[in-house]
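Notebook open, structure on screen. I'm jotting down what I looked up, one entry at a time.

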Amino acid sequence: MWKAEDSIDLYGIENWGNGYFSVNDKGNIVILPNKDSYQYADVMELIEEIADNKDLDFPILLRFPQILEDRINEITGSFLSAIEEFKYQGTYHPVFPMKVNQRKEVIEYILKYGAKYNIGLEVGTKAELLAALSLGPPKEALLVCNGYKDQDYLRLALSIHNVNNIIIVVDLFEEIFDILKYSRQMGVIPRIGMRVKLFSRGSGRWVESGGESAKFGLSTAEALELMKILKDNNMGESLKMIHFHIGSQITDIRTIKNAMNEAARIYAKARKISDIEYLNVGGGLSVDYNGSSTATPSSANYTLQEYANDVVYTVQKICEEEGVPCPTIVSESGRAIAAYHSMLIFKIIGRKNAKDSFLKPPKEEDPIQIEDLCCAFKEIDIENYKEHYHDALQYRDELYNAFNLGNIGLEERAKGETLFWMVCKKAAFYAKQAEDESEEFLELKKLVSQKYIGNFSLFQSVPDMWGVEQIFPTIPLHRLEEMPSEHGTIVDLTCDSDGEIKRYAGDSEGREYLEMHTLVEDEDYYLGIFLLGAYQDTLGDFHNLLGSAHEVHIMVEGTEWWICQKVEGDTCRKLLDFFNYETKDYIWEIMDRCVEKKQCIDKKGLEQIESQLNRTLKGYTYFIDKPNGDGRARVQEAETEPPCRR
Ligand SMILES: *Cc1c(COP(=O)(O)O)cnc(C)c1O
């Protein structure tokens with residue numbers, strides 16, 4: 001008998017979940033924000049509460065602030081234990097790079113939970129710097145300014161030098177001249193970092209972030225020149241940090257080892273010239289999205305502790321060899337801090353390919369092929385599925401020929417198509433049972449797979465799935481104690497054929513199909529997309545004018561949970577405003593236009609237009625199925641037996 005454990009295996013939950021997700025004996029997903037089996041929330045309880053709340057509709061983005069806390073604790077803890085193990089003569093500080101998730105609430109949680117480690121922020125633009133400042137980061141916490149800097153950016157960063165622990169990282173050599181000029185004008189002694197280009201480069205998707213041709217960073221000659229310029233200006237003391245970042249999602253530990261070696265060597269050599277305090281190792285710490293523990297693009301072939309050990313050990317060893325003091329190590333792991341803390345919940349609102357629901361009973365005068373297809377459907381089993389499938393292919397071809405010759409009508413053609421489809425479905429089912437992996441039956445599996453329509457936008461909520469084909473685990477959130485008997489793919493609400501989840505967690509390449517449960521009439525079926533906390537929140541776009549989803553933030557204590565914060569998603573009005581349709585007078589303008597054409601519209605008609613415009617403008621951009629409870633998943637299950645005559 002199928003058990004919850006079988007679902008855990010099938011969907012690889014323990015491989016990608018990192019201890020934050022499991023399945024309880026009711027077959028529901030539970031979230032364990034501290035990886036502690038005594039503290040959890042049953043996702044179906046959350047869903048019921050949300051479904052009962054008249055202000056909220058699906059899709060819903062759930063955030064678990066405690067997962068952010070746990071990630072910060074784990075990452076910092078790993079560095080601190082490596083420091084202890086190798087008796088490293090220095091300390092460590094985490095820094096969160098804002099570009100990974102700029103949402104105010106997220107940064108607030110990070111500053112709150114990271115305060116005990118003096119967590120800092122890294123910004124790459126003026127707007128990110130303004131956002132960071134608005135949250136009043138503590139004076140001691142690092143505020144690392146990266147990216148290309150114009151006059152406003154530099155002057156803003158310099159102006160707050162005495163109230164924040166700003167480090168201006170020179171990403172582009174010429175910036176140093178502006179820094180010198182403005183700091184002199186403003187009477188500020190700047191704290192400067194330099195980003196160096198490493199010869200070692202990452203591998204995989206973001207390979208271009210590192211290496212000699214990287215977009216950012218100074219060459220060796222430029223770095224030396226920069227130190228000389230500072231010395232010549234009596235500002236040798238100003239150089240505080242060496243920074244590098246070889247790219248995000250570095251999946252192979254060897255790449256990290258190589259880069260660390262090179263960077264530590266650069267630090268050590270530079271330390272002999274200049275009193276550098278920090279070595280900032282950037283980001284790159286990978287998240288195993290597909291749970292395969294490999295060096296494939298959505299994975300990682302190393303653990304967090306291995307990463308921290310390699311960083312600390314390498315810096316230690318090289319500083320010893322070179323006889324220089326150890327730096328304070330800073331890392332900017334964004335993805336690894338943020339990825340796990342959020343997930344999207346959506347409902348299936350329908351099915352494409354549900355061809356079997358239109359079958360009409362056969363008639364006496366139907367062509368022989370229809371009868372033959374009926375029989376094939378009745379008699380097919382695990383022993384003879386190949387034969388019957390091949391016969392069915394032939395009957396279908398004969399029917400099309402007959403149609404093209406004008407011998408049968410549309411109704412017969414429809415009947416034949418539907419019956420053929422039903423035979424295919426059964427054949428695919430038996431091929432799966434027989435573990436038939438032949439090309440023919442893999443093709444057939446694709447043919448009969450269903451497309452399920454999910455109430456969400458891939459472009460808004462999971463942009464990297466579309467943009468860089470990254471895998472995000474997508475699985476059913478309930479009925480996991482039941483064997484999934486269907487398979488299919490999920491498409492989103494947009495009218496774009498790219499709006500489809502094409503890969504599912506489970507192996508290193510990702511599976512082509514999601515194993516699903518048979519939909520039950522009048523019962524909602526909920527799916528979740530996990531690990532959405534890094535990069536997805538602000539990369540998302542407004543394709544088809546679908547906006548951001550409602551957010552609910554959940555805290556868990558023991559087996560109790562509560563909603564600690566709600567953030568409303570976009571309304572249609574907000575999106576229209578965003579794209580310059582002024583909605584302030586929108587209704588009046590439309591009404592005016594209606595009145596101009598009033599020969600065909602009466603008072604009641606006008607009122608209807610007005611109230612519906614109002615309602616739609618104020619409403620959610622997604623499919624709303626709440627008002628009368630009449631929008632539940634519209635599925636008709638196939639009749640299992642076609643009405644046959646013999
Ligand atoms: C993007 C970025 C990061 C974050 O990288 P992750 O792989 O998400 O940890 C860190 N530092 C800098 C300079 C970056 O540009």
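**Ground rules.** Helices (H or I, at least four residues) and strands (E, at least two) are DSSP runs, numbered from the N terminus. The model is a predicted one, where local features need pLDDT of at least 70, side-chain atom pairs count only at pLDDT 80 or more, and totals for chains, interfaces and linings use all residues. Residues are numbered from 1 along each chain as its sequence is written, and side-chain values use heavy atoms, with hydrogens and water left out.

I looked up Asn-118 and found it in the loop between helix H5 (104–114) and strand E6 (120–123). Phi of Asn-118 is near 60 degrees, a positive value although the residue is not a glycine. Next I went to Pro-59, which is in the loop between helix H3 (43–52) and strand E4 (60–63). The peptide bond joining Phe-58 and Pro-59 is cis, with omega at about 5 degrees.

I traced an open sheet of three strands in the order E1-E2-E3, paired antiparallel; two strands pair if DSSP finds at least two bridges between them. Strand E1 (21–23) and strand E3 (41–42) are at the edges with a single partner strand each, so one side of each has no neighbour in the sheet. Strand E2 (residues 29–31) is joined to E3 by two bridges.

**Domains.** I got four of them from the domain assignment: domain 1 (4–64 + 342–350 + 453–478 + 516–572), domain 2 (68–338), domain 3 (368–446) and domain 4 (573–618). Such bounds come from an automatic or database domain assignment.

**Where domain 1 meets domain 2.** Their C-alpha centres are 32 Å apart. Domain 1 puts 28 residues into the contact and domain 2 puts in 24, contact meaning heavy atoms within 4.5 Å. About 2200 Å² is buried between domain 1 and domain 2, with carbon and sulfur atoms giving 46%. Buried area is the accessible area (1.4 Å probe) that two parts lose on being put together, summed over both.

**Salt bridges.** My rule is a side-chain nitrogen of Lys or Arg within 4 Å of a carboxyl oxygen of Asp or Glu. How many are there in the whole structure? The search finds 31. One of them pairs Arg-265 with Glu-322 at 2.9 Å, N to O. This pair links distant parts of the chain, with Arg-265 in helix H10 (residues 253–271) and Glu-322 in helix H11 (residues 304–322), 57 residues apart. Between domain 1 and domain 2 I counted two salt bridges. I also noted Glu-74 with Lys-35, whose closest N and O atoms are 2.8 Å apart.
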